[in-house]
Amino acid sequence: MPFPKELSDFALPDKAALVIGAEHPAGRVAAAALSEAGARLMIASQEPGTDEALAQTAEAVQAAGGRAPIVRAQSATIRADVRATVDDVVERLGGLDVMVMALDTPYYAPAEAADDLAFDRVMENNLKSVWMAAQEGGRAMLQRSGGAIVVVSSVLAERGVPGASLYCAAKGAVANLVRALALEWARQNLRINLLETGWMTEEGSPALRQDEFATNLLKYLPYKRLVVPEELAGALLYLASPASRFVTGETLAIDGGLLCRV
Amino acid sequence: MKSENIMILIVMDIAPSPDYMTCINARSKGSAAQLSEQRGAVLVAQGGCAGGATTRAIGDRAPGGRMLSDDLKLDGKVAIVTGAGRGLGRAMAIQMAEAGADIVAAARTVEQLEETAGAVRTVGRRCLTVRTDVALSQQVTAMVAAALKEFGKVDVLINNAGAGEESFGKTIDQISDEDWRRGIDVNLSSQFYCCRAIIPHMVRRKRGKIINIASGYGLRGGKHNYMYACAKGAVLQFTRSLALTYAGDNIQTNCIVPGIFPHNERLMAFFKGGKFIPLGRGGEDSDVGPLAVFLSSEASNHVNGALIRIDGGGLAGGITPTGVAPALSA
C-alpha cells in the first residue's frame, strides 16, 4: 500500500534502511514504521540468539505493508560483525539511506557493587555499539549522498537515577556522541538525531517490578503510565525521513512530559 | 513474568480513569473477550487512552488495521495558527491543511491572511480568517470565540505569532518602557492569552494539542537581544508548565524551536546566507510544516513538554565556530 501522498515528507520510497537492535520493541516499531513509509529493510540484532524476536519484527514489517525484510543475526559489540552487516546491506539493498539503532542493555546496581567488568560491559553494549554502528553505517552513507541516522536512547541520558550510574553515564555519552557526529557530518548531508524514551513497558524494566520504586514512579509520571513502544513510531519516522530535513544533532524525548518535572 | 500479565498489572495499578474506560469500550465495541484475543491489546488500550486514542495492537498491524499514516493524518481536525499571514505561520497552515486540517488563520494583516486562506482552500480545506493582534487579549478572546462558532471545536493551537526583528537590535539604553512591554507582549503574553482562551475548551473535550513556537534565542543569548530572547526563553518554561498541568486532560503541549530562518534579504545578509549553520543553509519555511503536522497528530500523543529544535544543527554545537574543527593530531 503506497504511503499517502499528503504525508509525502514522511515517506521513504524504496530507501535502503537498516535497523540494528531489531529484537527490541523499539527496533520492531522502527522497522514497521520505516516499512510502512516504503523503505526496503534489513533488520539486524544487537545480540545473537534472538531469532524468535527477530522473526516477530519481520512479521511486524510485513503487517505494516512491507516486503519481507532481510534478517541478520549479529553481535553489535563485535566490529567484524557490524562491518559485515553494513557491507551486506549495501550489497543487497544497493546502499544505505536510513539507519536506526535501538541498542540497549540496561544495568541497575549500586555503584559500590559494580566492578570493572560491569563498567566495560555497560559501556560496550550501550556506547561502543552505537559508536561502531555509527562509524560503519556512516561510512557507507557518506560514500553516497548522505542519509539519516536515528539513535534510540533513554531519558536517563538527561538526568541522574540512583542505582543506575553506569547506565546513565553510557546514555549521556551517547547523547553527546550524537551531537558531535551531527556537526561533523552535517555538510555531507548525513543527519543524526537522538530519540529518548521515557520509562517503557519493556521486559526487564525496573518500572515493571512490583516494588516501591515502580509504585512511586507511576504516580510521578505525568501520564501515570509507562510509554508503550508503539508510541515511538511517529517520532522515529519524523527523524528518519525528509520531514526532519533541517534537523540534526537534536534530541526528541517520548516521555509524556517527564523531563519537564522538577 | 509473561508480558500480558505485566500489562494487566499496570492497568490495575494506575486506577483507570473514566476516559480510559470510555476508550476501552469504544475500541472493543462491547467485546472485552475479542479485545483480549489480540496480542498486547490490554496494554495498548491502556496506553492509547491516557495519551489519546490509538487503536493499534502491539506488533500487529493487521490488514485493514490502523496504520501509522492514519495517526499522522489530520483529517477532521481544526487548527488555529497565529501569525498565519506569512513566513512559518503560513507554511504550517498550508502544510497542515494538506495533511487534512481545517485552519483558523489569525494575524494582523487581512490581505496576507486572505492569501493563506486561498492556499488552504486550494487544497480542499476550510479556512476562517480572523484579523487579530495577539498582543491584545480581548482580540485573542474574540478570535477563539469566532473559531469555536465556525467549527464547533478546536483541536490544535499553534502559537506562532511573534515579532523578531522589531524586538531586538537596540542597545539597552535605547529601549523604552513601551518597547520592552511590546516585545514581551507580542512574543510571550500573546501565547498566554491564546492558551488561556482555548484550554478550558480542550479540557472539556479531554483532548488538545498546543504547539508554542520559541526560538534558538530562547536557549542561547544574542547581542542586543533582550525582549525577544527573554520572551522566547519564557515560552520554553510556559510550555513545560502547561505540559505538566494538562497531561491528565490529554492535552499535549510542545515547543518548536526554530533556528535561523532568514525571511528577507536583510536577514539573509545578517546571517551570511546561513554559512554558519552546520547543514550549510538557513531554514526554509516549508521545513517546519512536517513537524507541525507530527505534533498536531495522534502520532505524537506521548510527546509532551518537548522542545524540538529545527535549526540545521546549530544548537548541537556552539563552542567552536561552525565548520571549523581542531587540527587533527596523529
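User: Is Val130(A) buried or exposed?

Analyst: Val130(A) is buried, because 28 other C-beta atoms lie within 10 Å, and 20 or more is the cut-off for that label.

User: And what does Val130(A) touch?

Analyst: Leaving out residues up to four places away in sequence, Val130(A) touches Met101(A), Leu103(A), Val151(A), Val174(A) and Leu177(A).

User: Moving to the core, which residues of the largest nonpolar core touch the most other members?

Analyst: Val19(A), Leu34(A), Val100(A), Leu236(A), Met96(B), Ile103(B) and Ala105(B) do, out of 182 residues in that core. Helix H5 of chain A, residues 165-185, gives the largest share of this core, with ten residues. As general background, nonpolar side chains in soluble globular proteins tend to be buried together.

User: Why is H12(B) described as largely enclosed by the rest of the structure?

Analyst: Eight of the eight residues of H12(B) are buried, so H12(B) is largely enclosed by the rest of the structure.

User: Now the interface. How many residues of chain B are in contact with chain A?

Analyst: 54 residues of chain B are in contact with 52 residues of chain A. On the chain B side, H1, H4, H5, H10, H12 and strand E7 each supply at least two residues. That side divides into 26 nonpolar, 18 polar and ten charged residues.

User: Good. What ipTM and pTM does the model score?

Analyst: The model scores ipTM 0.95 and pTM 0.89.

User: And where does pLDDT stay under 50 in chain B?

Analyst: That happens over residues 1-63 of chain B, for which the model has 100 contacts beyond four places in sequence. Where pLDDT is low, the predicted coordinates should not be read in detail. For chain B as a whole, the mean pLDDT is 83, and 79% of the residues reach 70 or more.

User: Back to helices: at what angle do H8(B) and H9(B) pack?

Analyst: H8(B), residues 137-151, and H9(B), residues 177-205, pack at about 35 degrees with their axes 8 Å apart. The crossing is right-handed. H8(B) contributes Ser137(B), Val140(B), Thr141(B), Val144(B) and Leu148(B), while H9(B) contributes Tyr193(B), Cys194(B), Ala197(B), Ile198(B) and His201(B). By class, that contact has seven nonpolar, three polar and no charged residues.

User: One last topic, backbone angles. What is phi of Asn189(A)?

Analyst: Phi of Asn189(A) is near 65 degrees, a positive value in a residue other than glycine. Most residues other than glycine have a negative phi. Asn189(A) lies in the loop between H5 and strand E6 of chain A, and Asn189(A) is partly exposed, with 17 other C-beta atoms within 10 Å.

User: And what about phi of His224(B)?

Analyst: Phi of His224(B) is near 55 degrees, a positive value too. His224(B) is in the loop between strand E5 and H10 of chain B, and is partly exposed, with 13 other C-beta atoms within 10 Å.

Conventions: Residues numbered from 1 in each chain as written. Chains lettered and ligands numbered in written order. Predicted model: local features only at pLDDT ≥ 70, side-chain atom pairs only at ≥ 80, totals over all residues. Axes fitted to C-alpha atoms, helices over the stretch in contact; angles between N-to-C directions. Helix = DSSP H or I, 4+ residues; strand = E, 2+ residues; numbered from the N terminus. Left-handed = near helix turned anticlockwise from the far one by under 90°. Contact = placed C-beta atoms within 7 Å. Nonpolar A, V, L, I, M, F, W, Y, C, P; charged D, E, K, R; others polar. Core = buried A, V, L, I, M, F, W, Y, C linked by C-beta atoms within 7 Å. Buried ≥ 20, exposed ≤ 12 C-beta atoms within 10 Å, placed from the backbone. pLDDT = per-residue confidence, 0-100.
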